[in-house]
Amino acid sequence: MSNQKVTSTRGGRLLIMCISLLTLLFLLQKIVCKWKFMTDSETRWTLYRGKVWRKDGVTVSIKTVGESEFARFQIHSIRNPKDPRKVLENWLWVDEYDQVNVLVYGDDGSEMTKKDSKWIVFEQEKYGFVKGSKSLAPIGGLIEEGHNECEVSAAKREVQEELGMICGLYKVLGKYRSAANRGGGFVYVIVATECVPISNHSERINENSDLEIQKKVYLSDDELLKSVIEGRFLEVKWTAAVALTLLEKMSTKQE
């Protein structure tokens with residue numbers, strides 16, 4: 001009887017040890033699988049170095065599906081704003097670097113005087129436009145996050161690089177999301193005035209990825225207004241930046 005009790009006790013302990021071991025193996029497998037998923041889905045994406053968008057209390061999970069050095073493409077799971085208990089899957093999101101659109105007002109340093117200052121924009125083509133379409137565009141570019149660059153510093157750099165000019169005054173009109181439900185970074189609309197050419201400055205040859213050919217165009221207030229009304233700025237962000245600049249100038253005059 002005593003031997004049977006000892007055997008039963010040993011068997012019970014052995015069973016508990018087996019169950020504990022199986023539970024431990026199961027937990028280890030879960031940890032390894034989760035680590036492998038994170039390795040495959042997140043840490044291997046290293047081209048894009050910008051910020052990843054998460055909204056506190058709304059973003060549940062993020063899975064990266066592709067990237068370039070300029071953008072990261074993700075699938076988000078987010079809580080339904082109307083019912084937080086429900087989760088919306090497969091929410092496409094694109095992280096891009098923030099950018100600046102700069103409306104430059106100045107002279108070209110030749111026959112023009114400060115009294116004759118005009119808005120300086122580009123006429124150019126873009127990959128996303130219908131073939132043969134040319135658009136007017138403000139000066140613009142990406143904010144270099146890796147160099148801790150702010151929006152005004154980025155505007156100064158772009159104006160100097162693309163126009164060979166320096167400006168006495170920069171005014172930030174606002175910060176706006178490119179696409180409310182899809183990301184695309186934020187755009188800063190900036191007006192640069194009192195702009196003059198830098199002496200002995202050699203303008204850069206355009207080397208960006210769009211490979212567009214740019215031509216400088218000088219416009220008066222009326223010509224700029226006419227151009228935006230006629231739809232000559234073919235990207236909506238450019239149109240919005242120009243319209244906001246003109247509205248700001250009109251409100252300043254009224255004051």
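**A friendly walk through a predicted fold**

Me: Among contacts between residues at least 6 apart in sequence, what percentage join residues at least 24 apart?
Reply: Let's start with the word: a contact means heavy atoms within 4.5 Å. Take the contacts between residues at least 6 apart in sequence, and the part joining residues at least 24 apart is 56%.

Me: Which residue forms a disulfide with Cys167?
Reply: A disulfide is a pair of cysteine sulfur atoms within 2.5 Å, and this rule gives a count of 1. Cys167 lies in strand 8 (residues 165-179) and its partner in strand 9 (residues 183-197), so the pair ties together parts that are 28 residues apart in sequence. Both cysteines of the pair are buried. With an S to S distance of 2.1 Å, the partner of Cys167 is Cys195.

Me: Is that disulfide right-handed or left-handed?
Reply: Handedness here comes from the torsion about the S-S bond of Cys167 and Cys195. That torsion is about 110°, so the disulfide is right-handed.

Me: Is His76 buried or exposed?
Reply: His76 lies in strand 2, and its neighbours beyond four places in sequence include Trp53, Ile62, Leu88, Trp91 and Trp93. Ile62 is 14 residues away in sequence, yet the C-alpha atoms of Ile62 and His76 are 4.6 Å apart. The relative accessible area of His76 is 2%, so His76 is buried.

Me: Which side chain makes a polar contact of 2.8 Å with the side chain of His76?
Reply: A polar contact is a pair of N or O atoms within 3.5 Å; within protein, one must be able to donate a hydrogen and the other to accept it, and residues adjacent in sequence count only if both atoms are side-chain atoms. At 2.8 Å, the side chain that joins His76 is that of Gln74.

Me: Which residue has its backbone nitrogen 2.9 Å from a polar side-chain atom of Asn80?
Reply: Asn80 sits in the loop between strand 2 (71-79) and strand 3 (87-96), and its relative accessible area of 18% makes it buried. Beyond four places in sequence, Asn80 touches Lys86 and Leu88. The backbone nitrogen at 2.9 Å belongs to Lys82.

Me: Which exposed residues does helix 3 carry on the face turned away from its buried side?
Reply: Helix 3 covers residues 221-229, and its buried residues are Leu224, Ser227 and Val228. They cover an arc (of the directions from the helix axis to the C-beta atoms) of only 95°, which puts them on the same side of helix 3. The face turned away carries the exposed residues Asp222, Lys226 and Ile229.

Terms used:
Residues numbered from 1 in each chain as written. Predicted model: local features only at pLDDT ≥ 70, side-chain atom pairs only at ≥ 80, totals over all residues. Heavy atoms only, no water. Buried < 20%, exposed > 50% of the residue type's maximum accessible area, 1.4 Å probe, protein only. Helix = DSSP H or I, 4+ residues; strand = E, 2+ residues; numbered from the N terminus.
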